[in-house]
Amino acid sequence: MTQGLILVLIVVGAYLAAHGVFDWLARKLVIVSGAEYLILGVLLGPSATGLIDATFLQDIAPASALALGWMGAINGSRLVLLRLVRIPALVYRVAFAESLITLFIVGGLQYFLLSWLFGLSPDRAFAPAVALGAFATLSGHAGIELAARRSRGQGLLVTTLRATTGANAAVAICTFGILLAFGHPPSTALSRPITPTEWTVITIVIGVAGGALYHLFLGEENSVDRMFISLGGVLILVSGAATYLRLSPVMAGMFFGMTLINTSRKRNEITAALSRVERPLYFVLLIFAGASWRLSAQSVWLLPVLLFVVARAVGKFGGARLAARLNDVLPTLGPDWGVALLGQGGLIIALSVNYLYQDTLALPNLVFTTAIISVLLTDLLSGRFAASVIPPATTTMTHPMPHRAL
Amino acid sequence: MRRLIILVLMLGGMQLILPLGARGYGGQWLLIFGFLIVAAEAVGGLSASIRLPKIVGYLLAGLLFGPSFLNTVDAESITQLAPVSSLAIALIAFLAGAELRWSELKERGVLILKILTVEMTLTFVAVAGFLVAVREYVPFLQDTTFPVALVLSMMFASVAVVHSPAVTMALLTETKARGPVARSTLGVVLVSDVAVILLFSGALALARSVAPPASASAGGTSLGLLVWEIFGALVVGAALGGVVAVYLRWVRRELFLFAVLIAFFGAELARVVHVETLLMLLTAGFVSENLSEEERGHALRIAMERSAAPVFVVFFALAGASMEVTQILVLWPLLIPLILIRLLALWLGTNLGARWGGASPEERRYVWLGLVSQAGVAIGLATIVADLYPERGADIRTLFLATLAVNQTVGPIMFRYALSRSGELNEDANAESDEILSGLAGDTGEMPVATVAESSTPLPPQPA
């Protein structure tokens, strides 16, 4: 039997079993499904059973690169300007303050620890520290949505949590994209090297041009088939171009999704088309990520991982509280509202796989291991975390909107 | 005009990006894949605007951007994208099998067999006879005795009678045509794939006895494998179809993912157990469709068609990129009469067969036009000949691929013309498909197709 055949059989069997079990868990115990595929990937990969080897991982790398772009596009498609302008400015202030506090706490602490622990020069330590800071910023929205649905909450707390997860994603994706532009190996194709700013602009242009190309391509076409082919085709092109140029397909994808959703009259159709393959690609990415995992060669790898988990918890918890206090909404949001942001979500896997692709950046396995451990520790309980903060529907709905929000 | 602008912009973009990047992590693979989808779809749109099938546009896009002209998609990229072609063939075969209902086979089976018998016999005799008659000008028949020339011509003719399930299915998917001409054409094309393998096995056995290849054992193995390839494909395909039916009965989740996995799994399984991929997946599609309740089978077909759409575009674009224009130019004095004779035999054979089977006047007049395209299993058979007879076989393969390139391009145009003339062309096909889907997706249109089967909404039956 070939490796491909074994893999398909295992994936299908494991998928069905895991899906059944985790669907039940999500319904009964507020546990969010997803991490099981990561574990499956680890078990299938070279570090455990070896059913998936390095060659096979190389073969399916294009699919995972596409998944990165697709996840970026899905995040971008959530940024509908017409809806965003209806959210009070206060919510953005809180959301971005929380994001940046966590980014700086985790990134700063990691910078010092990695420099000291591995004897890295400031330049070398910068990339993994910033990457980990960006990862720490991310919060999963699935747990929040699950808890919000159960409590039917629509008040300021839920609005702020939703806006914060969006802001977290935007900050993390952009930080990571700019990091890749700074860490880009010099290109010999031109007479002078391309500057990091230019690489950043190229990443954005790839996404925006992709969105424009989609409209030019499709015109006023109404066929769902053509829409899907166009969307898939352009997104593959965008992800491929960013990966080929060693830039971030997640960031290019995000700008693509944002351009698309804000310039099209068919938002629902675009969202449906993007969602159609979100889950399959996410599963591929999770299994790919699990299988790509190698235990870090450094014996002290546990220390940065521990620091990440602790500093992130402090950043989320303390940062959220500080952000709320600075904006005078602590009584409304509650002192522990940051706990709902502890779930990591799937985007961290996308960004960490993207980091793994960049063979010029320091400590790829350590960064990747940290991301995986953080997901495993927090994702299963993200629904519980959110449920502990989001009160029953009646309480949430009666919270008054503070004056500054209006 | 808009599409031309897209093509110019994309070519310009590719020229800017390609020198700046680096291979690795599949970036280039993905870039070329995306470029092919968008560029081929743009050219497909251009050809649709002049009332040509989109497939022709995809093929022309591949030809234009492939190694023969602009070389944006180079030979290495074509090799790298080969798995896409395998996946496309698997999806096409499964979809083709799923199109056939047992009740319809019972009703139309005799007619299909009669058409197939007459057209295949006539085409075989005409092509083989022509080659023998002009053997002095045929590269692989020069300097041979009459018996050897005869068996080699028969071997070529046994491959040349093949049709193209890929083109037929793609065009039927594009036009949503479901009338008698469409159904009879599809039936003949699908059954001919089995018949061609049987015919080829006979011709090969005869050739081996008259003109033994340098390695006799190789020929024996190939023949034994061919027999297994056919019957094994039926058995393994039926088993796979049963598994799919069980899945549709008990699980019914993630149909989009399931459709891609089935195609990938089927193609891989066929490779491992050495059975004919097309026939195996065709059988699997047929069994699963006929064992499942109609709405479940329909939901899987929709999921599969959706997942196949971008794959089809790239599949035909790659087929275009693989065409070697230089070969066609060199062989044209032989190629043109050969193609015309095949066309004549197809027209006469189909007409006679349809009369014999008591078909409608439309079927008698137009079915042959759907049988012109060639591809699929024939390339594999031509390769077997090339492996078996390294010197002459290579020439046979070259001539065949040149014939195939022309028929592959002309065939879809003729088939679309046939559907149009017979009044089966559904101009509102896309709108209808979208209506079905929006009906399934509910008012918001936000439910992904993957969850269609999970919905309790009854699905509309497939139009007869």
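Two residues are taken to be in contact if their C-beta atoms, placed from the backbone, lie within 7 Å. The model is a predicted one, in which local features need pLDDT of at least 70 and side-chain atom pairs count only at pLDDT 80 or more, while totals for chains, interfaces and linings use all residues. Residues are numbered from 1 along each chain as its sequence is written, with chains lettered from A and ligands numbered from 1 in the order in which they are written.

Back to the two domains. Chain B splits into domain 1 (2-80) and domain 2 (87-421), with bounds that come from an automatic or database domain assignment. Between the C-alpha centres of domain 1 and domain 2 of chain B there are 27 Å. Helices here are DSSP runs (H or I, at least four residues), as strands are (E, at least two), numbered from the N terminus.

Chain B has 18 helices and 0 strands, and chain A has 20 helices and 0 strands. Buried residues make up 58% of the 464 residues in chain B, and in chain A 56% of the 406 residues count as buried. Buried means that 20 or more other C-beta atoms lie within 10 Å of a residue's own; exposed means 12 or fewer, and partly exposed is in between, with C-beta atoms placed from the backbone. Among contacts in chain B between residues at least 6 apart in sequence, 83% join residues at least 24 apart. For chain A, residues 24 or more positions apart account for 82% of the contacts with a separation of 6 or more.

What about the inside? In soluble globular proteins, nonpolar side chains tend to be buried together. A nonpolar core is a set of buried Ala, Val, Leu, Ile, Met, Phe, Trp, Tyr and Cys residues joined through C-beta atoms within 7 Å. The largest one has 303 residues, of which Leu91(B), Phe94(B) and Val314(B) touch the most other members. Helix H13 (residues 294-322) of chain B provides the largest share of this core, 17 residues. Both domain 1 (2-80) and domain 2 (87-421) of chain B give residues to this core, so it lies between them. Leaving aside neighbours within four places in sequence, Leu91(B) is in contact with Ala263(B), Met304(B), Ala308(B) and Val311(B).

Elsewhere in chain B, Leu190(B) sits in helix H9 (residues 180-210) and counts as buried because it has 24 C-beta neighbours inside 10 Å. Not counting residues up to four places away in sequence, Leu190(B) touches Ala96(B), Pro165(B) and Leu282(B). Gly129(B), in helix H6 (residues 102-133) of chain B, counts as partly exposed, with 16 C-beta neighbours inside 10 Å. The C-alpha atoms of Gly129(B) and Ala157(B) are 9.0 Å apart, although 28 residues separate the two along the chain.

One helix pair in chain B is worth a look. The axes of helix H7 (residues 146-160) and helix H17 (residues 390-421) of chain B come within 11 Å and cross at roughly 35 degrees. Leu152(B), Phe156(B), Val159(B) and Ala160(B) in H7(B) meet Arg392(B), Ile396(B), Phe400(B) and Thr403(B) in H17(B). By class, this contact has 6 nonpolar, 1 polar and 1 charged residues. Such axes are lines fitted to C-alpha atoms, for helices over the stretch in contact, and the angles run from 0 to 180 degrees between N-to-C directions.

Lastly, the backbone. Most residues other than glycine have a negative phi. Leu363(A), however, has a positive phi near 50 degrees; Leu363(A) is buried, with 26 other C-beta atoms within 10 Å. Asp143(B) has a positive phi too, near 60 degrees, but counts as exposed, with 9 C-beta neighbours inside 10 Å.

Definitions and conventions:
Ala, Val, Leu, Ile, Met, Phe, Trp, Tyr, Cys and Pro count as nonpolar, Asp, Glu, Lys and Arg as charged, and the others, Gly among them, as polar.
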